[in-house]
Protein chains: 2
Amino acid sequence: MANPVLPSSGVLSPLGLDKVRLNPGFWGDRAALNSEVTIAHCVEWEEREGWIPNFRGVRPRRGREFSDSETYKLLEAMAWADHPGLPALAETVAQAQEGDGYINTRWSGSRYTDFEWGHELYCYGHLIQAGVARLRMHGEDRLTQVAVRAADHVCRRFMQGTETCGHPVIEMALVELYRVTGAGRYLEMARRFVERRGLPALADIPFGRGYYQDDMPARQAQVFRGHAVRALYLASGVVDVAVETGDQELLKAVEAQWERTIARRTHLTGGMGSRHIDESFGDDYELPPDRAYNETCASIASIMLAHRLLLATGDARYADLAERTMYNMLATGVALDGKSFFYANPLQVRVPATPLEGVNHAAEGGLRSPWFDVACCPHNIARTLASLPAYLATSSADGIQIHHHTPSEIRHDGLAVRVETGYPWRGSVTVRVLEGGEGRIGLRVPAWATDATLAHVPASAPDAPLEESPAVRPVDPGYAYVEGPWRAGDEIRLELPMAPRWTYPDRRIDALRGSAAVERGPLVYCAESVSDEPPLGDLTARVQPPVERAADGVVELEVEASLGSGDGNGWPYAPASDGRASGTDVTLRLVPYHRWGNRGPATMRVWLPI
Amino acid sequence: MANPVLPSSGVLSPLGLDKVRLNPGFWGDRAALNSEVTIAHCVEWEEREGWIPNFRGVRPRRGREFSDSETYKLLEAMAWADHPGLPALAETVAQAQEGDGYINTRWSGSRYTDFEWGHELYCYGHLIQAGVARLRMHGEDRLTQVAVRAADHVCRRFMQGTETCGHPVIEMALVELYRVTGAGRYLEMARRFVERRGLPALADIPFGRGYYQDDMPARQAQVFRGHAVRALYLASGVVDVAVETGDQELLKAVEAQWERTIARRTHLTGGMGSRHIDESFGDDYELPPDRAYNETCASIASIMLAHRLLLATGDARYADLAERTMYNMLATGVALDGKSFFYANPLQVRVPATPLEGVNHAAEGGLRSPWFDVACCPHNIARTLASLPAYLATSSADGIQIHHHTPSEIRHDGLAVRVETGYPWRGSVTVRVLEGGEGRIGLRVPAWATDATLAHVPASAPDAPLEESPAVRPVDPGYAYVEGPWRAGDEIRLELPMAPRWTYPDRRIDALRGSAAVERGPLVYCAESVSDEPPLGDLTARVQPPVERAADGVVELEVEASLGSGDGNGWPYAPASDGRASGTDVTLRLVPYHRWGNRGPATMRVWLPI
């Protein structure tokens with residue numbers, strides 16, 4: 001039951017790290033790099049920046065007011081990764097806990113004096129999530145004791161009253177602690193935090209109470225709004241509370257908010273949050289490619305939320321969005337070296353970034369940085385990749401469901417299967433039964449896969465080419481099911497259509513008018529211009545089928561385009577339209593968006609003028 | 001010589017408030033409203049918010065660290081407007097000045113400890129500008145003494161060393177004080193502040209040194225960058241220094257920066273500054289209509305700069321931009337009631353603002369507010385409208401030049417003329433000679449006026465219809481000249497073509513692709529949707545000649561459009577383009593942009609999808 005999310009009820013039950021193992025492949029390689037490189041990188045920088053030393057009592061204290069939370073997210077990553085450094089770091093953290101369970105290196109001595117910006121309950125939330133991870137992966141130890149004591153302190157201090165935290169996360173943490181311990185006070189505390197919010201519970205601020213979702217109760221909201229990470233963490237906690245309390249109205253409210261957010265406030269990459277100034281969603285259809293903020297953490301929060309909604313409802317659209325966000329945001333957030341990170345993830349970069357060796361004090365998205373003053377994103381990536389197996393597959397009374405197709409082994413109730421695939425580069429997915437069992441197997445067919453086929457090849461059948469097999473049948477987007485029982489050697493072969501496709505924006509997205517993007521499978525592609533390659537500022541692409549080109553184990557694409565020189569001065573508004581770029585005809589190379597920014601400073605664009 | 005800017009040399013010499021008087025009309029009415037309502041409004045709010053009481057020693061001190069500067073800008077406005085409240089307010093300010101000339105209600109006791117954000121020299125700059133205004137309008141008094149003592153303190157303290165202020169303005173203030181007093185130390189101090197900047201002189205900050213133009217010396221920069229108000233105030237001071245020191249290289253550098261900024265970083269309204277987070281220009285071609293920041297103060301700074309460049313070079317394009325900015329930004333910044341103000345000036349608003357009675361803590365641009373925590377814009381409007389006559393006309397050895405056509409009387413060297421016009425609503429401009437004299441009269445023909453005509457009608461000529469007069473001749477954009485000598489009753493009649501025109505953006509402006517705007521004369525128009533009028537989110541306009549409609553003394557326009565319902569959920573990216581709005585055919589009413597937001601919360605758009 002090694003899961004970050006384990007609801008008591010719901011249409012689907014997640015299979016955890018004890019049931020799902022990643023094999024080498026797109027995600028398996030990234031998870032391995034995360035365990036081997038990224039976690040150590042985080043430890044090293046947290047020591048260097050003083051955030052871990054804060055727990056040792058080193059003074060002056062360093063880091064932002066919420067830096068404790070980074071150490072907790074790191075501990076959560078270590079817990080999922082069974083990292084040998086965890087006990088020592090947990091012991092360091094434990095030193096800072098006070099007798100009544102309070103722990104915070106910034107606010108000790110002036111507890112709970114700033115609910116708007118203090119982040120104390122936010123820090124507890126991450127501590128509790130780390131504790132839950134450790135309990136499920138390992139059982140009780142020093143870290144879980146610290147987390148439980150902190151949670152009990154929170155329940156004592158806040159069960160009565162009207163207070164809550166300016167940054168949600170404790171809501172889902174407490175529900176999960178309830179799920180793992182069975183202690184109802186944690187659920188009740190979470191429920192109260194959810195219900196208090198928006199009455200309002202916090203002070204007004206220049207950004208407005210919508211910034212921290214305190215403008216109205218969660219069950220009344222129509223859409224996600226304000227600071228994107230806050231909004232999505234809160235929504236995750238609200239789903240958790242709704243599921244555990246059987247509050248269908250509350251669950252439906254979040255589903256409706258999610259639907260409107262997906263339709264009007266989500267970038268093609270799955271990224272959320274259009275504004276830099278307050279890291280917020282912005283208005284409906286405000287989706288600028290260049291100034292998209294799309295914080296990496298918001299995308300992780302969106303995956304967390306979509307996973308919860310998938311478990312609660314079984315609706316494939318939640319898994320569709322999770323997949324889109326995993327391949328185009330989570331995979332983008334960390335460089336191929338595992339040691340540098342994007343904070344913001346725009347869909348267009350006009351000016352190459354200036355390389356930076358040390359700490360990035362800003363959050364611009366032009367080039368991955370080794371570290372940030374606010375380093376939420378590296379830790380969030382680390383804990384998410386470390387727990388990724390728990391997001392791949394689920395079970396229900398009638399069998400298992402495989403939502404994300406990547407090389408892996410899945411075991412449930414005696415049945416064991418191996419998923420073999422070159423996805424997302426190739427569209428063939430083979431599920432091979434290793435150990436027979438009962439129940440049907442469901443495979444998600446992504447929404448874009450409108451010509452997918454599926455074949456059931458029993459172990460005894462000849463290994464005939466799929467096209468000639470009578471068992472091949474077309475399958476629609478959603479879930480394709482094959483009934484059991486299963487014998488070792490049985491195979492399911494899913495073929496997803498991987499032709500590159502042009503994608504157009506809703507005409508209400510003003511910032512994207514007159515442009516189109518190229519996708520292939522779950523991947524969004526982009527044009528990238530490195531060093532002395534021609535700039536992308538004055539570009540007009542031809543809408544013709546993109547040509548595939550294998551390169552270094554990935555699939556790149558080529559489209560034809562005209563590139564203008566970028567020259568031209570004078571007033572840029574004229575009595576006549578200047579039409580398409582009248583420049584050089586070029587073959588434009590498109591790379592997967594998640595791979596951009598790995599070759600040094602570059603300009604980039606996902607949306608191509610057509 | 002009552003001018004805010006009075007260079008010792010240059011192609012053109014400005015005619016000041018002693019030479020130019022506004023008559024009732026577009027600008028005359030606004031200047032009167034400013035004197036009668038806006039200045040008193042500012043006094044009232046500065047008292048209420050504690051900024052004037054700060055000078056009286058009332059503690060705790062209130063307002064932002066730079067609030068002294070607001071009182072100084074108000075004093076400048078009062079000086080130009082000959083406001084009777086000036087002496088008393090000047091006396092209040094004088095109380096706070098220390099023995100050595102230092103004056104700052106925030107930093108007294110901890111002088112010069114924060115050059116990046118302290119704004120001490122910035123405050124002096126505005127104090128000195130107020131002092132210069134008073135000297136020129138009135139002569140020496142308490143205010144001018146305070147200003148001169150402060151300037152002398154600055155020269156003593158900063159003539160040596162490497163320090164400068166995070167917010168420019170003192171550069172142009174000191175040059176002007178040099179111009180009015182002849183004391184070379186002020187010019188030298190200004191020159192040193194200019195030359196120090198970018199070496200660098202200030203600390204690095206998360207926004208980067210470009211934020212306050214300290215990333216490189218002014219003479220090396222290619223374009224205006226960083227915080228827009230800072231950049232444009234600095235550039236104004238650099239022009240002043242260049243003109244007074246005869247530094248042609250430095251002047252050419254600013255001209256080149258201006259040219260690139262106009263071509264790539266300026267909105268159709270003349271607004272500058274695309275980003276909210278750091279109030280900065282953003283990158284080339286980053287010109288989002290919805291998130292355009294376009295601070296009112298930046299537009300005023302742009303008018304100040306364009307005026308300086310016009311005086312230095314005589315090039316009409318500077319007057320063209322000033323006109324565009326005056327009619328579409330300065331006139332927009334204040335409501336028709338003279339008591340509420342825009343801080344940011346976007347070209348598209350998707351969601352009607354929530355009305356606000358009191359102080360606006362933010363700077364969003366959906367609805368004019370009576371006051372702001374940072375109230376630079378109201379004061380900047382007040383001082384600019386109070387000194388507006390000084391921007392209208394100039395003289396040179398061969399006569400006078402009229403740059404902005406609005407009802408007014410202009411006197412120079414014996415010659416007196418009256419400008420009669422319904423501009424910007426009507427295109428007829430008559431310059432009638434009141435008192436005869438020598439020299440030629442130049443009238444600016446705006447860049448958009450490609451079919452203008454001009455007639456010289458001597459006093460003795462019959463008052464024949466223009467079309468039949470043999471004296472009518474076509475004139476090109478730029479300046480149209482008529483030679484003297486002049487007798488009372490002589491007239492020049494300029495006819496500017498006022499047909500509404502569609503305007504298209506450069507294709508490199510990604511955010512505007514597939515849309516066009518309507519202009520008429522110097523005015524940018526916009527669609528505005530108030531209360532229960534249909535929303536503008538899903539709109540497609542037909543590019544046909546707009547129909548004129550007179551309404552309340554202004555000219556509104558009508559275009560045909562389709563309006564979609566705004567419905568629709570689901571993933572907004574699809575395999576096919578959804579084309580134009582398939583909704584209701586409507587006649588879309590367009591109002592001058594400067595008049596939007598006067599009828600309550602509304603949605604608005606300048607750029608119409610076509």
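This is a predicted model: local features need pLDDT of at least 70, side-chain atom pairs count only at pLDDT 80 or more; totals for chains, interfaces and linings use all residues.
Residues are numbered from 1 along each chain as its sequence is written, and chains are lettered from A in the order in which they are written. Local features need pLDDT of at least 70, side-chain atom pairs count only at pLDDT 80 or more, totals for chains, interfaces and linings use all residues, and side-chain values use heavy atoms, without hydrogens and water.

**Exercise 1. Describe how helix α7 of chain A packs against helix α9 of chain A.**

Step 1. Two packed helices are described by the angle between their axes and the distance between the axes. Helices here are DSSP runs of H or I with at least four residues, and strands are runs of E with at least two, numbered from the N terminus. Axes are lines fitted to C-alpha atoms over the stretch in contact, and angles run from 0 to 180 degrees between N-to-C directions.

Step 2. For α7(A) (residues 170-181) and α9(A) (residues 228-245), the angle is about 35 degrees and the axes lie 7 Å apart.

Step 3. Contact means heavy atoms within 4.5 Å.

**Exercise 2. Characterise the interface between chain B and chain A.**

Step 1. Buried area is the accessible area (1.4 Å probe) that two parts lose on being put together, summed over both. The two chains bury about 5000 Å², with 48% of it on carbon and sulfur atoms.

Step 2. Of the area that chain B buries against chain A, B:R507, B:W571 and B:Y573 supply 16%, more than any other three residues.

Step 3. Chain B brings 62 residues to the contact and chain A brings 61.

**Exercise 3. Identify salt bridges between the chains and within chain A.**

Step 1. A salt bridge places a side-chain nitrogen of Lys or Arg within 4 Å of a carboxyl oxygen of Asp or Glu. Over all chains, the search finds 118.

Step 2. Between chain B and chain A there are eight salt bridges. B:R605 and A:D510 form a salt bridge at 2.4 Å, N to O.

Step 3. Within chain A, the side chains of A:R111 and A:E98 meet at 2.8 Å, N to O. Both residues of this pair lie in the loop between α4 (86-94) and α5 (120-137) of chain A, 13 residues apart.
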